[in-house]
Amino acid sequence: NNNNNNNNNNNNDGKEEKKKKQNITINTLTMNGGSVYNINQKDIEKWKRKFGEICKEICTNDEKMWDKWIKRLEHEQQLPLIALHVPTAHPQLHCSSYDAILSQLIEFSPKHFAECVKLWPHHIYSVVTVIPKALPRLEQKKKNVHLLLALAELYRINQQLDKSVEFYLQWGSEFLEDYPLHFDVCELLLSQERELNRSEKAWLLARKQKTQLKLEYDNKKQRSKKYGHRVHPSPLPSKREGGEEKEDGDLGATTSLKSTVVELDLHGEKEYWSKFNALSSIQMEVFSMIDICQLFDTVRRFLLYVIEFDCMQTVDLLIANQSDFDINFVVELVQSKIAELSKGTHSHSLVVIHPAATPITPTTPGTHHNTYHHPKVTPQQKIAYFKFFL
C-alpha cells in the first residue's frame, strides 16, 4: 500500500509539474506577468527563450496538443517561439500549421525563416503559398540576405531554376560584402587544385615581391625610429594591390594592438566562418543549374553578380559557351565596373579594429577593450578581383 501511495504521489507530482509548466507558458504567452506564479518581466524574457523546449516537453508526440498550441500561438503572433522545436515527423502536423509558422517567421524573424526552409522537408509545407508571402516582405526589407537565400531555396524546390539562380546571385552580392577573403586573388589561386597557368603564377610572384618589399621597408622604418633617424621616402609603391592608398594611420591600427584587449565573440566567429565555408556548395549548385538548364539569359542579365559570385567558374562557363556570349561586351562591362569602383577608392580604407559601440568595463586597470569587427570588402579588393578576371 505504501508503494502504491508513493507511486500515486509521484504521478501527482509529475502532473503538477506539467500543469505548472503549462501555466508558465500561458503566462509567458499572454504577457500578464503571471497571475498564478507572479512572473515578473525579467522572468518572462527568460521563459520566452525556453518556451519552445517547454512546449516540446508538454506536447511530445501528441499531434492534437501541438495543433492546440500552434493555434493559440498563431492568435498571439508568437509562433517564432516554437519554430525550431516543432516536429516535422512523428508526428507530422497539418500543412497549414507549418505554413502559419513560416508566415510569422517571414514577418518577425527572417533568419529563422531561412533556417526552417533549409532544414524542413519541403513536402510538409506549401511552397507556392509561402513564396508570395515572402516577396512583399523582401520589398520592405530590401537586400535582406536571409530572405534572399530562403527565396532562392524555395524557387529551387519549386523547380523555377531561373528565378532560383537570380535570387542566389542577389544573395551572393550582399553576403560577400562581409567576406573580403573571397576577393583575395592570391587566396583564390592558392586554393586551386589544378596547376596554375603562366599569368596566374606571375600574379602570385608579383604579390610575393611586393609583400617582401613592404616588409623590408617596415623593418627599415622601425630601425630608423629606434635610433632617432628620419625615414626618407622609399621607392616602395605607396599603393596596395588594386590601387589602395597607404595611409599613416593604417600601421597604427595594427601596432596599437599590443596594448589592447580584443573581445572576440567565439560563437559569432564560428557562425561567421561556417557561413563562408558553406559558400562553395552553393556556388557549385548555382553553376550546375546554369550549365544543365542553359540559363544564359539569366547570366547575361546578372553578369557582374555572376563574376563576383565565382570568377573562376565564370571564366570556365564563358570559354565553354563562347558562341552564346559576346566576349567584347563582357570585357567592356567589366572595365566599366572597374572605372566606377575607381572613382570612390580615395574615400575608403581597410580598417580591422573598431571601438565597441557600447564600452566594456575593463577587467584590468589601464586596459582598453575593443571589439573585433570583420572588415567589409573595399573597392580596391573588388578592382583587383575584376582585373584578375579580365
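Tutor: In this predicted model, helices are DSSP runs of H or I with at least four residues, numbered from the N terminus.

Student: Is Lys337 buried or exposed?
Tutor: A residue counts as buried when its relative accessible area is under 20%. The relative accessible area of Lys337 is 18%, so Lys337 is buried.

Student: Which helix holds Glu107, the salt-bridge partner of Arg137?
Tutor: The salt bridge between Arg137 and Glu107 spans 3.9 Å from N to O. Arg137 is buried, with a relative accessible area of 14%, whereas Glu107 is partly exposed at 39%. The pair links distant parts of the chain, 30 residues apart, with Arg137 in helix H6 (residues 127-140) and Glu107 in helix H4 (residues 95-108).

Student: Why is the aromatic pair of Phe183 and Tyr385 called by the name it has, and what is that name?
Tutor: Planes over 60 degrees apart count as edge-to-face. The ring centres of Phe183 and Tyr385 are 5.0 Å apart and their planes stand at 70 degrees, so the name is edge-to-face.

Student: How many residues apart are Phe183 and Tyr385?
Tutor: Phe183 is buried, and Tyr385 is buried as well. Phe183 sits in the loop between helix H8 (161-175) and helix H9 (185-190), while Tyr385 sits in helix H18 (residues 379-389), and this pair links distant parts of the chain with a spacing of 202 residues.

Student: Which residue lies over the face of Phe325?
Tutor: Phe296 and Phe325 are both buried. At 5.5 Å from the ring centre of Phe325, the residue over its face is Arg300.

Student: What percentage of the 390 residues in the protein is buried?
Tutor: The protein has 18 helices and 3 strands. Among its 390 residues, the buried ones make up 38%.

Notes:
Residues numbered from 1 in each chain as written. Predicted model: local features only at pLDDT ≥ 70, side-chain atom pairs only at ≥ 80, totals over all residues. Heavy atoms only, no water. Phe/Tyr/Trp six-rings, centres within 6.5 Å; stacked < 30°, edge-to-face > 60°. Helix = DSSP H or I, 4+ residues; strand = E, 2+ residues; numbered from the N terminus. Buried < 20%, exposed > 50% of the residue type's maximum accessible area, 1.4 Å probe, protein only. Lys NZ or Arg CZ within 6 Å of the ring centre and 35° of its normal. Salt bridge = Lys/Arg side-chain N within 4 Å of Asp/Glu carboxyl O.
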